[in-house]
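Here's a quick tour of a protein model, meant to be read with the viewer open.

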Amino acid sequence: MNVHDSEKMAGILKAEGYTETAYTEEADLIIFNTCSIRQKAEQKFRSELGRIKLLKIKNPLLKIAVAGCIAQQKGRDILKRNPQVDYVFGPQNVHKLSSMLTADTMVCIEDNPEIQHTDIPAERKDNVKAWVSIMYGCNNFCSYCIVPYTRGREKSRPSENIYKEIHELSENGFKEVTLLGQNVNSYDSDTNFAGLLRKINAITGIERIRFVTSHPRDLSDELILCIKELPKICGHIHLPLQSGSSRILKLMNRGYTYEDYLEKVGKLKECVPDIAITTDIIAGFPSETDNDHSLTIEALKRIEFDGIFAFKFSPRPGTKAAEMDDKISEKIKSLRLYEILGYQDDITLRKNKELEGSLQEVLVEGVSKTNNGKITGRTRTNKIINLEGDAALVGRLINVEIRKALRHSLEGRLTNQA
Ligand code: 5AD
Ligand code: SF4
């Protein structure tokens, strides 16, 4: 989400005549697009902000802006505490960037009730695949999560605006779109998410459609059917489980039990047999017992995700979970995280090994950064694959035989059915 917000900022700046510098030292404007999902992301920003102070002494014309979720939360306080900062704007006020640059200093953190109608042309580096926002904000208030406080309530872009943007992308040669929202399954504008997918599936030139993130509670049968029936929707879903313990899920305010989740996964696998499922897990939520933790491990073994993102619980000031008793020590959180990642590593490798010898459709995304004769792409199930091939294949769909499975990527060989 933040990467795509940065693309929008770049789009605005390009229209204003700005160009990107190769070195930070040459810049007249530096924007920190910050994230506050976990404390680690905040710490990274703080040390960078300190580092950049000296640049202002060398270049008195330099302007520094803080954007994103930390900007939204801290607002004017950032200006007070960091005299080197000139502008502060939250994720709902990206569209104000150009007018902001004409002011001396400015803070923009008000709600933007019209965000779904505020289209901003994004400046994308890639020319094969693109992120496209379909909705903003989140209404879920999972008890650990800061997003509903920083990105505001859910608002869906009209399907016509999304259609136009993707149609234009197809005319510019893009082959894949990833639809973005905190909870895409609750997309609700002139049509629902399934309706939107049908509309996008009809755009000539676009070969692949992906979307993130799905909320298990809102994953409807209609959507599962769409994944099965619409040929361009890729067989991969990111479906954050967070915990295998229904007691913890309740405390997290996720709105489903572990059994509900299993039922949805069962339906997905039944309807779309080759589907890849990935997930997010939080280790050490307040009051999580050894037993709760082992239920998460059990879930990993039973569901056999294709990949996971796992995090130690990080208390975010202002959220309910930050106020909960029975916090878990850093040491236990680390041990649990380590165990989760260890189990999953074996599963990921085993699942990748199952693909050895198979034929996969691959969209070539680029040439290898380390080896000129190699190209890189992804299977429909979102697995990264490297193979020998010509740069002319970038942007093309090819058939690849999987020769070797590694944990985080596959190695393949172009077959003559390309
Ligand atoms: N602590 C740890 N992980 C978090 N996530 C969100 N908030 C927190 C938090 N406070 C994780 C969730 C979510 C992913 C994007 O980040 O797993 O799905
Ligand atoms: Fe955060 Fe939950 Fe919304 Fe995801 S669904 S952004 S975890 S509140």
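## About the model

Keep in mind that this is a predicted model.

## The nonpolar cores

Let's start inside. The largest nonpolar core takes in 65 residues, and Leu179, Phe193 and Leu197 are the ones with the most contacts inside it. Apart from that core lies another, made of 17 residues, including Leu49, Val66, Ile70 and Ile78. As a general point, nonpolar side chains in soluble globular proteins tend to be buried together.

Zoom in on Leu197 and you'll find that, leaving aside residues up to four places away in sequence, Leu197 touches Leu179, Ile209, Phe211, Leu223, Cys226, Leu230 and Ile233.

## Two helices side by side

Next up are helix α7 (residues 159-171) and helix α8 (residues 193-201), which pack at an angle of about 30 degrees with their axes 10 Å apart. Because angles under 35 degrees count as roughly parallel, α7 is roughly parallel to α8. The crossing of α7 past α8 is right-handed.

On the α7 side, the contact uses Ser159, Glu160, Ile162, Tyr163 and Ile166, while α8 brings Leu196, Lys199 and Ile200. Sort the residues of this α7–α8 contact by type and you get 5 nonpolar, 1 polar and 2 charged.

## A tucked-away threonine

Is Thr296 buried or exposed? Its relative accessible area is 2%, and buried means under 20%, so Thr296 is buried.

Thr296 sits in helix α12 (residues 290-303). Not counting residues up to four places away in sequence, Thr296 touches Ser243, Gly244, Ser245, Ile281 and Ile340.

Conventions. Residues are numbered from 1 along each chain as its sequence is written. Chains are lettered from A and ligands numbered from 1 in the order in which they are written. This is a predicted model: local features need pLDDT of at least 70, side-chain atom pairs count only at pLDDT 80 or more; totals for chains, interfaces and linings use all residues. Side-chain values use heavy atoms; hydrogens and water are left out. Helices (H or I, at least four residues) and strands (E, at least two) are DSSP runs, numbered from the N terminus. Buried means under 20% relative accessible area, exposed over 50%, partly exposed in between (1.4 Å probe, protein chains only). Contact means heavy atoms within 4.5 Å. A nonpolar core is a set of buried Ala, Val, Leu, Ile, Met, Phe, Trp, Tyr and Cys residues joined through side-chain atoms within 4.5 Å. Axes are lines fitted to C-alpha atoms, for helices over the stretch in contact, and angles run from 0 to 180 degrees between N-to-C directions. Angles under 35 degrees count as roughly parallel, over 145 as roughly antiparallel, 65 to 115 as roughly perpendicular and the rest as oblique. A crossing is left-handed if the near helix is turned anticlockwise from the far one by less than a right angle, and right-handed if clockwise. Ala, Val, Leu, Ile, Met, Phe, Trp, Tyr, Cys and Pro count as nonpolar, Asp, Glu, Lys and Arg as charged, and the others, Gly among them, as polar.
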